[in-house]
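Hi,

Here is the structure I promised to pass on. Have a look at it first, then read my notes below.

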Amino acid sequence: MEVLRPQLIRLGGRIYRKNPIQEQTYQHEEEDEDFYQGFMECAEEPCDAYEVVQTQQGFRCTVKAPSLLYKHIVGKRGDTRKKLEVETKTSISIPKPGQEGEIVITGQHRSGVISARTRIDVLLLTFRRKQPFTHFLAFFLNEVEVQERFLKFQEEVLEKCSMDHGVDSTIFQNPRKLHLTIGMLVLLSEQEIQQTCEMLQQCKEEFIDDISGGKPLEVEMAGIEYMNDDPGMVDVLYAKVHMKDGSNRLQELVDRVLERFQASGLIVKEWNSVKLHATVMNTLFRKDPNAEGRYNLYTADGKYIFKERESFDGRNILKETNMYKLRNDRLHRSCEQRK
C-alpha cells in the first residue's frame, strides 16, 4: 500500500491511518504452517459455546464449512490437521475436496474436542476473510429519474472539471448500477447463498415491514462527499442519502440488517453502523467497471495484492456540485452476485 495513501480506519467517530510495515506476496499454502504456530497460542477456548455430544467412544462435535476452505484445515501435506489432532488429542475427519459435508471432531475428552473446534473456527474465519467478495447486499437506486439526474451530474462535471487531474469518464458509476451498499459478503457454497436468501426473508418478516410500514421508503440523494481526508487526492466520491421525511427509519433498517448478517458470520464485523451513501465516482472503475467500493487484498488462491489507483482532484467538483440533488422514490432490496 502506498505510504501517502494508507488504509483509513474509523474508530469512535475518528479516522486513523493504518501505515504498513512491510508488503509481501505469498502463497497461502506456504504460510499455513507458520500461521498455525502463530495463532494457536492465542486462541480462546469457550467451554459452552459449542454443541458437544457424548458418545460411547467419547465426545463428538461437527463443524459446517464450505469445501473451498477444507484445504486450510488440512494444510500442506496434511500438517495442519496432524498438529491439531496431536495437540488436542482428537481425531478430525474432513470431507474430500469438492464434497460438501461436515468436519467431524472426535476425542476421549470434551475439553480436547472443544479446543480443536475453537482452533478450526479461527482458521476458517481467517482464511474466509482472505477470499474475494462474491456478493454484495444493497438497495438499488437506479430508477429512471435518478439515472437522468446522475447523467446530468456527469455531463456537468466533465464539462467543467475534465482538466482537473485524474477526472475522466471512466471513473463514473454506471447509472444502471447506482446502489446503496449495506455490506459485502463471501458466499462459498450454494448452502450459504440459500442461507442468505432465507435470512433476508426473515429480516423482512421480523422488522423491515414494521420499520417501513409496508410501503416503499422515499429518500433523497443530496450533496457530494469524499471518502479520504484530502479533497485534492480522491479515490471515491459519493452522494449522501437520507429520508425525505427527515426520519431515521432507513438508517435503523440497514443497521439492523447489517447486525443480523454480522451475527450470522456472513458479513465480517468492521462497522457498527452502515454509512448511507451512493458511490458516483470511483478510481477502481478505471480498470474494472464492475469493481465495488471496497475490495479484499487477497486473490482466491490467497495471494496478497495491491490495486494500484490513480486518484483524482475533487476540489472543483465539490465546489460545483453542492447544488445538485439526485432524487429516488423507491428502494429495492437486492443481493446481487458480482460478475
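In strand E6 (101-107), Val 104 is the bridge partner of Thr 62. Before I go on, some housekeeping: this is a predicted model, in which local features need pLDDT of at least 70 and side-chain atom pairs count only at pLDDT 80 or more, while totals for chains, interfaces and linings use all residues. Residues are numbered from 1 along each chain as its sequence is written, and side-chain values use heavy atoms, with hydrogens and water left out. Helices (H or I, at least four residues) and strands (E, at least two) are DSSP runs, numbered from the N terminus, and two strands pair if DSSP finds at least two bridges between them.

**The sheet around E4**

E4 and E6 are antiparallel partners, with 7 bridges between them. They belong to an open sheet of 4 strands, ordered E3-E4-E6-E5 with antiparallel pairing. Strand E3 (53-54) and strand E5 (90-93) each have a single partner strand, so they stand at the edges, with one side of each left without a neighbour in the sheet.

E3 joins E4 through 2 bridges, again antiparallel. Val 53 sits opposite Arg 60 in E4, and Gln 54 has Phe 59 of E4 as its bridge partner. The two strands make a hairpin with 4 residues between them, and Gly 58 in the turn has a positive phi of about 150°.

Which residues of E4 are on its covered face, and which on its uncovered one? Phe 59, Cys 61, Val 63 and Ala 65 are on the covered face, while Arg 60, Thr 62 and Lys 64 are on the uncovered one. In a regular strand, side chains alternate between the two faces of the sheet.

**The second largest pocket**

Val 63, Lys 64 and Ala 65, along with Arg 128 and Glu 192, lie nearest the centre of the second largest pocket, which is lined by 26 residues.

Strand E4 (59-65), strand E6 (101-107), helix H4 (110-128) and helix H6 (190-212) each give at least two residues to the lining. By type, the lining has 10 nonpolar, 7 polar and 9 charged residues. Here Ala, Val, Leu, Ile, Met, Phe, Trp, Tyr, Cys and Pro count as nonpolar, Asp, Glu, Lys and Arg as charged, and the others, Gly among them, as polar.

**Helix H6**

H6 bends by about 50° at Lys 204, the bend being the angle between axes fitted to the seven residues ending there and the seven starting there. Its buried residues include Glu 192, Met 199, Cys 203 and Phe 207. Buried means under 20% relative accessible area, exposed over 50%, and partly exposed in between (1.4 Å probe, protein chains only). Thr 196 and Phe 261 are 65 residues apart in sequence, but 8.3 Å apart in space, C-alpha to C-alpha. After H6 comes Gly 213, with a positive phi near 70°.

**The cores**

Phe 261 turns up again in the largest nonpolar core: of its 47 residues, Leu 250, Phe 261 and Met 281 touch the most other members. A second, separate core has 27 residues, among them Val 63, Ile 94, Val 113 and Leu 188. A nonpolar core is a set of buried Ala, Val, Leu, Ile, Met, Phe, Trp, Tyr and Cys residues joined through side-chain atoms within 4.5 Å.

**Strand E10**

In strand E10 (residues 236-243), 6 of the 8 residues are buried. Strand E9 (residues 219-226) pairs with E10 over 6 antiparallel bridges, and Val 219 stands opposite Met 243 of E10. E10 is also joined to strand E11 (residues 277-282) by 5 bridges, running antiparallel, with Val 236 opposite Asn 282 of E11.

Cheers

Technical notes. On a 1 Å grid over the protein atoms alone, a cavity is a set of points where a 1.4 Å probe fits but cannot get out, and a pocket is an open set with protein on both sides within 12 Å along at least five of seven lines; lining residues have an atom within 4 Å of a point.
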